[in-house]
Amino acid sequence: EVRRIQVRVVGMTCSACTSAVEGAISALPGVVRASVSLLQNKAHVVFDPARVKDEDIRDVIEDVGFEAELLP
Ligand code: 9UX
């Protein structure tokens with residue numbers, strides 16, 4: 001069973017930013033897929049909720065240096 005979430009990511013200005021965010025999310029255990037849109041300021045993440053929590057995904061985005069907000 002996987003969960004899909006969207007996260008608002010504030011402050012990305014170039015495609016290296018989106019790559020950094022994608023890489024950091026993808027490195028978390030339990031993440032199946034991560035894609036980040038620069039134009040939409042949004043990350044789509046598919047993950048196994050038994051292995052990683054949505055708060056962990058938000059936190060790793062903030063660790064890379066961007067403001068992140070889990071979307072409903
Ligand atoms: Mo992007 Mo660079 O917005 O240091 S500017 S990675």
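Student: What should helix 1 span, going by its 12 residues?
Tutor: This is a predicted model, by the way. At 1.5 Å a residue, helix 1 (residues 15–26) should span 16 Å, and its end C-alpha atoms are 16 Å apart, so the two agree.

Student: Which residues of helix 1 are buried?
Tutor: Start with the general idea: an α-helix has 3.6 residues a turn, so residues three or four places apart point the same way. In this model, the buried residues of helix 1 are Thr18, Val21, Ala24 and Ile25. Looking down the axis of helix 1, you'd find those buried residues within an arc of 130 degrees, so they line one face of the helix. Ser15 and Ala16, on the other side of helix 1, are exposed.

Student: What do the buried residues of helix 1 pack against?
Tutor: They pack against strand 1 (3–10), strand 2 (31–37), strand 3 (42–47) and helix 2.

Student: And Phe66, is that buried or exposed?
Tutor: Count C-beta neighbours: 20 or more within 10 Å means buried. Phe66 has 21 inside 10 Å, so it counts as buried. Phe66 sits in the loop between helix 2 (54–64) and strand 4 (67–70). Leaving out residues up to four places away in sequence, Phe66 touches Val9, Val10, Gly11, Met12, Val21 and Ile61.

Student: Which residues are around the ligand?
Tutor: Met12, Thr13, Cys14, Ala16 and Cys17. That shell divides into 4 nonpolar, 1 polar and no charged residues. As for Cys17, its C-alpha is 9.1 Å from that of Phe66, though the two are 49 residues apart in sequence.

Key
Residues numbered from 1 in each chain as written. Predicted model: local features only at pLDDT ≥ 70, side-chain atom pairs only at ≥ 80, totals over all residues. Near = placed C-beta within 6 Å. Nonpolar A, V, L, I, M, F, W, Y, C, P; charged D, E, K, R; others polar. Helix = DSSP H or I, 4+ residues; strand = E, 2+ residues; numbered from the N terminus. Buried ≥ 20, exposed ≤ 12 C-beta atoms within 10 Å, placed from the backbone. Contact = placed C-beta atoms within 7 Å. Expected span 1.5 Å × (residues − 1). Arc of directions from axis to C-beta.
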